[in-house]
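Colleague: I should like to learn how to read the features of a model of this kind. May we go through them in turn?

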Amino acid sequence: LIGGLQWKSGNDFRNSREWVTHTRTVLLDLESLLTCMVDAETGQRGYLLVHQDSYLEPYKHALAFSHDQIQTLRQLTSDNPEQQKNLDRLEPLMKAKFDELAQTIALEQRGDHAVALQIVTSNSGKNAMDEIRATVRVIQDAETSLFQQREDAYQRNSQINSELSALLLALGLGCIVALIFFSLLRRLERMQEMITICAWSKLIEFEGEWLSVEEYL
């Protein structure tokens with residue numbers, strides 16, 4: 001029974017540990033996605049200021065990375081319908097932001113610097129980033145809450161697993177002690193079965209009388 005309980009506890013312990021790792025991965029990926037969006041905007045601003053293609057590298061990287069990151073987050077949260085809805089809201093916001101970045105970069109490349117700056121100063125891009133941050137924060141808050149629940153479950157299962165292991169060890173030691181005690185008891189019983197024989201007369205003492213071997217048998 002204890003062995004069966006420990007087996008179940010061990011499975012629960014491993015599952016809870018995997019969920020903690022899973023949730024931590026989601027949180028890290030969300031942070032990476034937000035950093036990616038900030039890098040894209042920083043690259044755009046740098047290009048508009050100095051008009052050097054090297055400043056577009058963060059933007060190009062973010063453009064390629066963001067789609068893959070969204071798909072990864074969808075897979076990681078496929079068991080959570082609420083988070084899927086949050087990602088449904090986040091994806092078009094990111095697309096709108098990238099469209100704004102692409103538009104201003106294209107204008108700058110055509111030499112329409114003033115128009116590009118006008119779009120930037122219209123605050124449409126800032127508003128999009130604010131909405132992206134707010135949506136990511138909602139997803140992060142939900143994952144943080146899940147992380148705490150799963151961390152608590154992991155700690156409980158870890159403690160239960162340790163206690164059951166200690167109990168199994170104690171039972172094992174108890175069985176060894178019981179076997180040793182039983183073995184010693186059997187030796188004592190065999191010692192009690194020993195008989196007293198007179199070396200000179202070859203008589204055997206039995207219940208206060210001395211009997212011949214034939215009589216004793």
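Predicted model: local features only at pLDDT ≥ 70, side-chain atom pairs only at ≥ 80, totals over all residues.

Colleague: Which residue other than glycine has a positive phi near 50°?

Modeller: That residue is Glu 207. Its loop joins strand S2 (204–206) to strand S3 (209–211). Glu 207 counts as exposed because its relative accessibility is 71%, and the cut-off for that class is over 50%.

Colleague: I turn to the fold as a whole. How many helices and strands are there in the protein?

Modeller: The protein has six helices and three strands. Their order along the sequence is α-α-α-α-α-β-β-β-α. As for overall extent, the radius of gyration is 39 Å, whereas the globule rule gives 17 Å for 217 residues; the protein is therefore more spread out than a compact globule. Along the principal axes, the C-alpha atoms fill a box of roughly 130 × 35 × 20 Å.

Colleague: What share of the residues in the protein is buried?

Modeller: Buried residues account for 32% of the 217 residues. The accessible surface of the protein is about 14000 Å², and carbon and sulfur atoms contribute 59% of that surface.

Colleague: How does one check the length of a helix, and what span should helix H3 have?

Modeller: One compares the expected span with the distance between the end C-alpha atoms. Helix H3 covers residues 81–109, and at 1.5 Å a residue its 29 residues should span 42 Å. The end C-alpha atoms of H3 are 42 Å apart, so the two values agree.

Colleague: Which residue caps the N-terminal end of H3?

Modeller: The cap is Asn 80, which has a side-chain oxygen 3.2 Å from the backbone nitrogen of Glu 82. After the helix comes Gly 111, with a positive phi near 95°.

Colleague: How is a pair of aromatic rings described?

Modeller: Such a pair is described by the distance of the centres and the angle of the planes. A search of the whole structure finds two aromatic pairs. In one of the pairs, Tyr 59 and Phe 98 are 6.4 Å apart from centre to centre, with 55° between the planes, and the arrangement is tilted. This pair links distant parts of the chain, as Tyr 59 belongs to helix H2 and Phe 98 to helix H3, 39 residues apart.

Colleague: Is Tyr 59 buried or exposed?

Modeller: Tyr 59 is buried, with a relative accessible area of 10%. Phe 98 is buried as well, at 8%. Phe 206 and Tyr 216 form an edge-to-face pair, 5.7 Å from centre to centre and with 80° between the planes. That pair connects strand S2, which holds Phe 206, with helix H6 (residues 213–216), which holds Tyr 216; the two are 10 residues apart. Phe 206 is partly exposed, having a relative accessible area of 37%. Tyr 216 likewise counts as partly exposed, at 30% relative accessibility.

Conventions:
Residues numbered from 1 in each chain as written. Heavy atoms only, no water. Helix = DSSP H or I, 4+ residues; strand = E, 2+ residues; numbered from the N terminus. Expected span 1.5 Å × (residues − 1). Polar contact = N/O pair within 3.5 Å; in protein donor to acceptor, adjacent residues only side chain to side chain. Rg over C-alpha atoms; globule rule 2.2 N^0.38 Å. Buried < 20%, exposed > 50% of the residue type's maximum accessible area, 1.4 Å probe, protein only. Areas by Shrake-Rupley, 256 points an atom, 1.4 Å probe, with all protein chains shown as cover. Phe/Tyr/Trp six-rings, centres within 6.5 Å; stacked < 30°, edge-to-face > 60°.
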